[in-house]
Amino acid sequence: KYGILSKAIKANKVKVNLYSYSDFLKNNERLDDGQYGGSSGMIIAYDKASRAIDTIKRNNPETLIIFLSPKGQLLDNKLVSHLAKAKNLTLVCGRYEGFDQRLVDEYADLELSIGDYVLSGGDLPALTVIDSVSRMIDGVVGKKESVDKDTFQNQLLKNPVYTRPASFRKRKVPNVLISGNHGKISAYNRESSLKLTLDRREDLLERADLSMIEIEKLKKNKIAKTNHNIYLGLVHYPIEN
């Protein structure tokens with residue numbers, strides 16, 4: 001109901017349909033049941049949940065069915081971009097100790113995790129997927145440039161950003177950013193992005209699109225900080241003692 005996603009729904013850029021397992025249960029049926037094998041914890045039953053998924057598939061034959069699970073593929077920006085190209089997504093939320101495996105085997109096009117931790121259910125991961133995927137759809141975010149320069153685009157962390165006042169409590173905005181020289185500003189932001197990624201998420205650089213000049217600069221920055229080997233741009237550089 002709020003923010004960018006709300007506007008996207010009202011503008012028919014995104015449509016969200018909500019289904020509840022309980023709408024497909026008969027009389028006093030329970031969705032969950034105990035596990036075969038004696039392990040503790042209840043799981044979502046195959047025969048009960050399949051009614052809901054079958055209905056969704058009939059209404060949306062082309063839908064991509066995604067089970068939200070900590071055992072799934074980790075969500076990243078590349079996967080978000082791929083999902084944004086799909087015509088329809090069905091996000092299947094778990095609860096308790098998860099799904100009867102036969103549900104996953106029969107229906108899942110993808111098992112998806114939003115991180116290496118466990119939540120009480122799939123509702124919060126579903127919101128995460130909806131929000132991140134919707135941002136990639138043309139017209140959802142006011143300026144496409146904002147999406148193009150987001151963190152993780154091109155596998156890099158976004159450069160530090162600043163606003164007015166230019167000086168406050170003895171902390172100043174870098175002079176180049178208020179110089180009006182857009183060429184120098186662009187170069188400065190790119191270099192800042194690379195340095196920040198090197199410091200905090202060096203693993204991302206292995207998949208980033210880097211020039212040889214940028215690789216050499218990053219190599220020098222790394223040598224200044226450590227004597228360990230580094231791996232940048234799919235080129236391995238041994239660092240001498």
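Reading the terms of a predicted chain

Guide: Among the contacts in the chain between residues at least 6 apart in sequence, 65% join residues at least 24 apart, where contact means heavy atoms within 4.5 Å. This is a predicted model, in which local features need pLDDT of at least 70 and side-chain atom pairs count only at pLDDT 80 or more, while totals for chains, interfaces and linings use all residues. Residues are numbered from 1 along each chain as its sequence is written, and side-chain values use heavy atoms, with hydrogens and water left out.

Visitor: What makes serine 132 a buried residue?

Guide: Buried means under 20% relative accessible area, exposed over 50%, and partly exposed in between, with a 1.4 Å probe and protein chains only. Serine 132 has a relative accessible area of 19% and is therefore buried. Its place is in helix H5, residues 123–135; helices (H or I, at least four residues) and strands (E, at least two) are DSSP runs, numbered from the N terminus.

Visitor: Which backbone oxygen atoms does the side chain of serine 132 reach?

Guide: A polar contact is a pair of N or O atoms within 3.5 Å; within protein, one must be able to donate a hydrogen and the other to accept it, and residues adjacent in sequence count only if both atoms are side-chain atoms. The side chain of serine 132 reaches the backbone oxygen of threonine 128 at 2.9 Å, and a polar atom of that side chain lies 3.2 Å from the backbone oxygen of valine 129. Leaving aside residues up to four places away in sequence, serine 132 touches Leu75 and Val80.

Visitor: How do you know that the buried residues of H1 lie on the same side of that helix?

Guide: In helix H1 (residues 3–10), Leu5, Ser6 and Ala8 are buried. They cover an arc of only 160° around the axis, which puts them on the same side of H1, the arc being that of the directions from the helix axis to the C-beta atoms. On the other side of H1, Lys7 and Lys10 are exposed, and what covers the buried residues of H1 includes H5.

Visitor: Why is the pair of phenylalanine 67 and phenylalanine 99 called edge-to-face?

Guide: The structure holds one aromatic pair. Its rings, those of phenylalanine 67 and phenylalanine 99, have their centres 4.8 Å apart and their planes at 80°, so the pair is edge-to-face. By definition, rings of Phe, Tyr and Trp (its six-membered ring) pair if their centres lie within 6.5 Å, and planes under 30 degrees apart count as stacked, over 60 as edge-to-face and the rest as tilted. Phenylalanine 67 is in strand S3 (residues 64–74) and phenylalanine 99 in the loop between strand S4 (89–92) and helix H4 (101–107), 32 residues apart.

Visitor: What makes both phenylalanines count as buried?

Guide: The relative accessible area of phenylalanine 67 is 0%, so this residue is buried, and phenylalanine 99, at 15%, therefore counts as buried too. Phe67 and Phe99 are among the members that touch the most others in the largest nonpolar core, which has 14 residues. Such a core is a set of buried Ala, Val, Leu, Ile, Met, Phe, Trp, Tyr and Cys residues joined through side-chain atoms within 4.5 Å.

Visitor: Why is asparagine 12 called exposed?

Guide: Asparagine 12 has a relative accessible area of 68%, and is therefore exposed. Its phi is positive, about 60°, although asparagine 12 is not a glycine.
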